[in-house]
Amino acid sequence: MTQKFESHGYQLEFEKNKGKALIQLDFGDSPQDCYLIDIFSVDSDDYIALVPVDSEELYILRYDAIEDEEDSINLLAIEDEEELDLVYHLFFHYWDEESIDKVVEDYMDDLEALDMDEE
């Protein structure tokens, strides 16, 4: 269920994603697998928060669902530094590091369980 509220004059909606997902980002050098933390909105703009499987960084990108046969998504870097700062600030009004760490731990537990099932 999504969580909607107002903060600093912005309409926010968190937990728009349905379940977990491992998303692969391609920055040119090599693909990077990331855990989906949240898909959320600030006013009418959608964003996605991801944590790479091999680091503790948090990526927030613009999110655009494309209604096609594959249900594709388009992820774009946020070029405007003011927008980026604002989105990170608003994101951390809902999420804290402990909550993000818990989601990452859940992903790792799920992956370990899958590995054990395959053995």
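Mentor: A search of the whole structure turns up eleven aromatic pairs. For the terms: rings of Phe, Tyr and Trp (its six-membered ring) pair if their centres lie within 6.5 Å, and planes under 30 degrees apart count as stacked, over 60 as edge-to-face and the rest as tilted. One of the pairs is Phe14 with Phe40: the ring centres are 5.1 Å apart and the planes sit at 10°, so this pair is stacked. Phe14 belongs to strand β2 (residues 10-14) and Phe40 to strand β4 (residues 31-42), so the pair ties together parts that are 26 residues apart in sequence. Strands here are DSSP runs (E, at least two residues), and helices are runs too (H or I, at least four), numbered from the N terminus.

Before going on, keep in mind that this is a predicted model: local features need pLDDT of at least 70, side-chain atom pairs count only at pLDDT 80 or more, and totals for chains, interfaces and linings use all residues. Residues are numbered from 1 along each chain as its sequence is written, and side-chain values use heavy atoms, with hydrogens and water left out.

Now burial, where buried means under 20% relative accessible area, exposed over 50%, and partly exposed in between (1.4 Å probe, protein chains only). Phe14 counts as buried at 0% relative accessibility, and Phe40 is buried at 0% as well. Then there's Phe91 with Phe92: their ring centres are 5.2 Å apart and the planes at 85°, so that pair is edge-to-face. Phe91 is buried, with a relative accessible area of 0%, whereas Phe92 is partly exposed at 40%.

Both of those pairs belong to one aromatic cluster, formed by Phe5, Phe14, Phe40, Tyr47, Phe91, Phe92, Tyr94 and Trp95.

From Ile37 to Leu50, 13 residues apart along the chain, the C-alpha separation is 5.4 Å.
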